[in-house]
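Here's a quick tour of a protein chain, from its overall dimensions down to what sits inside. Have the viewer open while you read.

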Amino acid sequence: MHAVIVSNGFPPSKDLLKEELKSADLIIGADGGGNTLLFHGLTPHVVIGDMDSFEKPGSVEFEIIHDVDQETNDLEKALSLALYRDVETCTVLGAFGRRMDHSLKNLSVLKRFDPAFGRLVFKDERLIAQMVNSSFSAELPVGSIISLFPLSGKVTGITTKGLKYPLNDEILENGERDGTSNENVEPEFSIEIKSGDLVVFIEN
């Protein structure tokens, strides 16, 4: 089962929404993300959050869950709901933008929830982000911008293939060394790590 969650960061375009929703079994608006869906004439299955941003329409034809818990943000609430409803893979749109603290918080949310899903991806018009769990590979047009970012502390044993600036059993560490603005020189590239929390950012 696949879910698409629309969060309340920079709103995705209607084209991106429609493309992602083609494969969605469950569509969740994370509070104000529900407004984005409705603005484009798209109906969520459910909107969840503390309702500080969502503008409830006059006629409600979908489920609304008012969750006032202040220990979790709206995206956490939406991801928890997805897991409760047996979602296996999930794409989150609108996780980044508007406020830097919210974007950083949502990267923390990515780390927390990634192990619970078969695949969890954050995506917007320009960027795709996901955790690297021991190994990762993808096929992209040559010259795509790929950045490796150690999310918390140190990531060890990083080995890459198919990238312009290769790593061979090396370390990336916050405040010391990161792997931003790399690019692939082969259509297929791969990343392997031994330990740590590594996020791969791929420019759309």
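What follows covers the overall fold, the surface and charges, and then the nonpolar cores.

## Overall fold

Keep in mind that this is a predicted model. The chain is built from four helices and 14 strands. Along the principal axes, its C-alpha atoms fill a box of roughly 55 × 35 × 30 Å.

As for contacts between residues at least 6 apart in sequence, 61% of them join residues at least 24 apart.

## Surface and charges

Buried residues account for 47% of the 204 in the chain.

On the charge side, you'll find 19 positive and 33 negative side chains. The centres of these two sets lie 2 Å apart.

Nonpolar side chains tend to be buried together in soluble globular proteins. Here, the largest nonpolar core has 29 residues, and the members touching the most others are Ile5, Ile28, Leu79, Cys90, Val92, Leu120 and Phe122. Helix H3, spanning residues 74-84, is the top contributor to this core with five residues. There's also a second, separate core of 18 residues, with Phe136, Ile146, Leu167 and Leu198 among them.

For a closer look, pick Cys90. Leaving aside residues up to four places away in sequence, Cys90 touches His2, Ala3, Ile5, Leu79, Phe117, Arg119, Leu120 and Val121.

Definitions and conventions:
Residues are numbered from 1 along each chain as its sequence is written. This is a predicted model: local features need pLDDT of at least 70, side-chain atom pairs count only at pLDDT 80 or more; totals for chains, interfaces and linings use all residues. Side-chain values use heavy atoms; hydrogens and water are left out. A nonpolar core is a set of buried Ala, Val, Leu, Ile, Met, Phe, Trp, Tyr and Cys residues joined through side-chain atoms within 4.5 Å. Buried means under 20% relative accessible area, exposed over 50%, partly exposed in between (1.4 Å probe, protein chains only). Helices (H or I, at least four residues) and strands (E, at least two) are DSSP runs, numbered from the N terminus. Contact means heavy atoms within 4.5 Å. Lys and Arg count as positive and Asp and Glu as negative; His and the chain ends are not counted. The place of a charge is taken as NZ of Lys, CZ of Arg, CG of Asp or CD of Glu.
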